[in-house]
Amino acid sequence: MLQYLIILLDDMSTSYCHYENSRTEKNLIPLDVLKVGIRFGMMENLMIQFVYPNYELTKEFKEAIESIDHSKIISSLCEDDEITNEADVIVYHDWTGMLYGTTLEDKCVVLRTSKADLFERYMLLKDVISKVSRLNIVIKDVEKFRDEDFDRYKQVLNALSEHIEKLYVNGKSPQLNLLTDRMMLKSMNNCGAGDSNITLAPNGKFYVCPAFYLENEKESIGDLENGLNIKNKQLYRLDHAPICSHCDAFQCKRCIWLNRKTTLEVNTPSHEQCVVSHLERNASRELLSNIRKHGTFLPEQDEIKDIDYLDPFDKRNEWQ
Amino acid sequence: MMKSIKRWQSDLAKNITFIVTKDCQLACKYCYLVGKNEKERMSWDVAKKAIDYILDHKDDMQENSVIWDFIGGEPFLEIELIDKICDYLKTEMYRRNHHWFNSYRFSFSTNGINYDSEKVQEFIKKNRDHLSIGITIDGTEVKHDLNRIYKGTGKGSYKSVVRNIPLWLEQFPYGGTKVTISSPDIPYIKESVLHLYSLGIKEVNINVVFEDVWQEGDDKLFEEQLMLLADTIIDGDYYKDYACSFFTENLGKPLDPVFENTNWCGAGRMLAVDANGIFYPCTRFAQYSLREKKAWAIGNINDGIDKNKLRPFLVLDRLSQSKQECIDCEVASGCAWCQGENYDAAETNTIYQRSTAICKMHKARVRANNYYWNKLYRKLELEGQREEYEKNKRKVKPEIC
């Protein structure tokens, strides 16, 4: 069910996910399009998330945005201090900026990192995890994981898990998407592009997500004038995803855009995506079990089961 | 009724197709190969690299047996290359002690025009014990020549094919033929099947084309033809020695959403390689087979197969690609689909949207099929032969495409 409308305010709006936004030319959404987009969101009862460019918007744009309850997603490089202070999500594209960032306290922070940087610098995350209300790590090149990377990633997760366990024991409630989300979830909570959320681009057209717009503007799924027209809409839902509907790595990004890029189908994840998500799931399992050794923790949650696979695809004969 | 002979090792074998040429002497009107041409002929270098890649990756292809399939266009136009490929395959499977050595088949579907040529006959003699060859003849001369015409002249090809049927049946007595039915062919179904029987062909496999070619009222005409055919096969006792795939006992039943959810099509479990050394999940995903969409490549002979691109095919099931109407259909069993046609006809670039262009034709077939079996069993009962028939009949698993 559609719940969220993401509005890209400009072609240069920050990426907060797997895709790269390499656009360098300003293309601000026209004010009248923005207003119609907001009205569409209100009429469809959608929560709106505005994705900001780095430059400061004019007063008219700010007023239009403030006419509706919403979330703000900005880059750490945003030049507008007022927006930066009000932002719900701050995206860091580099480690240095995040480590020396002054606006981290109690924010929801997204770190977009390569696997190589994560493997090299993960110990530096300990401070950040303690400071922010939530840290979302997006591994930009998840599709490039190789067997040796899986081993390394497992070590990284274990090290971070030990730190998070200590924080919990000391009465804190840190949130790191890779490790704590799965402990809290009872069902799939994934990307949702094309199903629970859609994106309005500066050209007034709807897209499955910002990545689909940036990759090919012709691939729209409707526009403000004629409404939504999502062809093969069912394929964005979990019940039409044969691998994912048999999976319990509930925290998995299940990035629709990466699915299509790697397997050519929006409903089918790559092997690398599945293994990475299962390493996270298994590390979450250990973390949950270890925290519970110190006392009652999330009593309403069942244990996460021990499983003997990292890619549900390998078990397809059991559910086919 | 004589049951169709199950294709060799069809449930255990890996099917690997060499698209050796995209050329053909014919320009059949219903041919799904929209991009046939005379330029794309496979070179020996490409063929050898493909074979080396496939045999080097035996851990990825663990099926007990292999069917090396040669397709065109018309494959026998490239008989010299095919002969070289087959010699190399035999040598390499032996040299590598490959698990497919002595469990392989070379398979051909030919238009039959140069079947009697010296080179083709030499090849047949050399590989006789490992060969399956099907000649396509569509029925009577009128029916055959309606679609199967020569490129350029537009002349019918019946006479060029039928002259080779006796030689073919002498070499392959159980040879079956594939008949394809498109809208204009419907009035000729009954007489065509009987004509093929009269030529000595005991197994006639007929399919309606998957493409959306059907006209208003075609389903009624189709049903009438099948009813006439049913009467003739039963009244004339043809069912004792001949098979026609239109009449299949398990056709037209509801399918359980949990226990009968498998994908009918074998795309992805099969492998095809073309003249450019590109790998596809089946030949229907090569560009020359597609009207609307881009080719769906899964790799090439230099970089290998991208296993991620096979995942959607290998987890695809009936429910995930079907509309609710098809899931709830009370005559669903036997309603086939072609994954390549599904992709080509889909509204987006997906294999997960089932084309329903044959829906009315399937339902017509089911009605005639029900009539056939009710009539046949009643006849057998009245003649006291039902028990014996039941005892002797073979269970036939539906063939995977």
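What distance separates the centres of domain 1 of chain B and domain 2 of chain B, taken over C-alpha atoms? In this predicted model, the two centres lie 29 Å apart. Domain 1 of chain B is made of residues 10–135 + 269–309, and domain 2 of residues 210–265 + 318–401.

**Chain A**

Chain A contains 12 helices and 10 strands. A compact globule of 320 residues would have a radius of gyration near 20 Å, and the 20 Å found for chain A agrees with this. Other overall values for chain A are listed here.

| Property of chain A | Value |
|---|---|
| Span of the C-alpha trace along the principal axes | about 55 × 50 × 35 Å |
| Share of the 320 residues that count as buried | 42% |
| Share of contacts (separation of 6 or more) between residues 24 or more positions apart | 64% |

**The largest nonpolar core**

The largest nonpolar core has 181 residues, and the members that touch the most others are V51(A), I256(A), W257(A), C244(B) and Y280(B). Helix α11 of chain A, residues 271–292, gives the most to this core, with 8 residues. From chain B, the core takes at least three residues from domain 1 (10–135 + 269–309) and at least three from domain 2 (210–265 + 318–401).

Apart from neighbours within four places in sequence, C244(B) is in contact with V193(B), V204(B), I206(B) and I233(B).

**Helix α1 of chain B**

Helix α1 of chain B covers residues 44–56.

Which residues of α1(B) are buried? They are V46(B), A47(B), A50(B), I51(B) and I54(B). Viewed down the axis of α1(B), the buried residues fall within an arc of 130°, so they line one face of the helix.

What do the buried residues of α1(B) pack against? Their partners in chain B are β1 (13–19), α2 (79–95) and β8 (271–273).

Conventions
Residues are numbered from 1 along each chain as its sequence is written. Chains are lettered from A and ligands numbered from 1 in the order in which they are written. This is a predicted model: local features need pLDDT of at least 70, side-chain atom pairs count only at pLDDT 80 or more; totals for chains, interfaces and linings use all residues. Helices (H or I, at least four residues) and strands (E, at least two) are DSSP runs, numbered from the N terminus. The expected span of a helix is 1.5 Å times one less than its number of residues. A residue is buried if 20 or more other C-beta atoms lie within 10 Å of its own, exposed if 12 or fewer, and partly exposed in between; C-beta atoms are placed from the backbone. The arc is that of the directions from the helix axis to the C-beta atoms. Two residues are in contact if their C-beta atoms, placed from the backbone, lie within 7 Å. The radius of gyration is taken over C-alpha atoms; the globule rule is 2.2 Å times the number of residues to the power 0.38. A nonpolar core is a set of buried Ala, Val, Leu, Ile, Met, Phe, Trp, Tyr and Cys residues joined through C-beta atoms within 7 Å. Domain bounds come from an automatic or database domain assignment.
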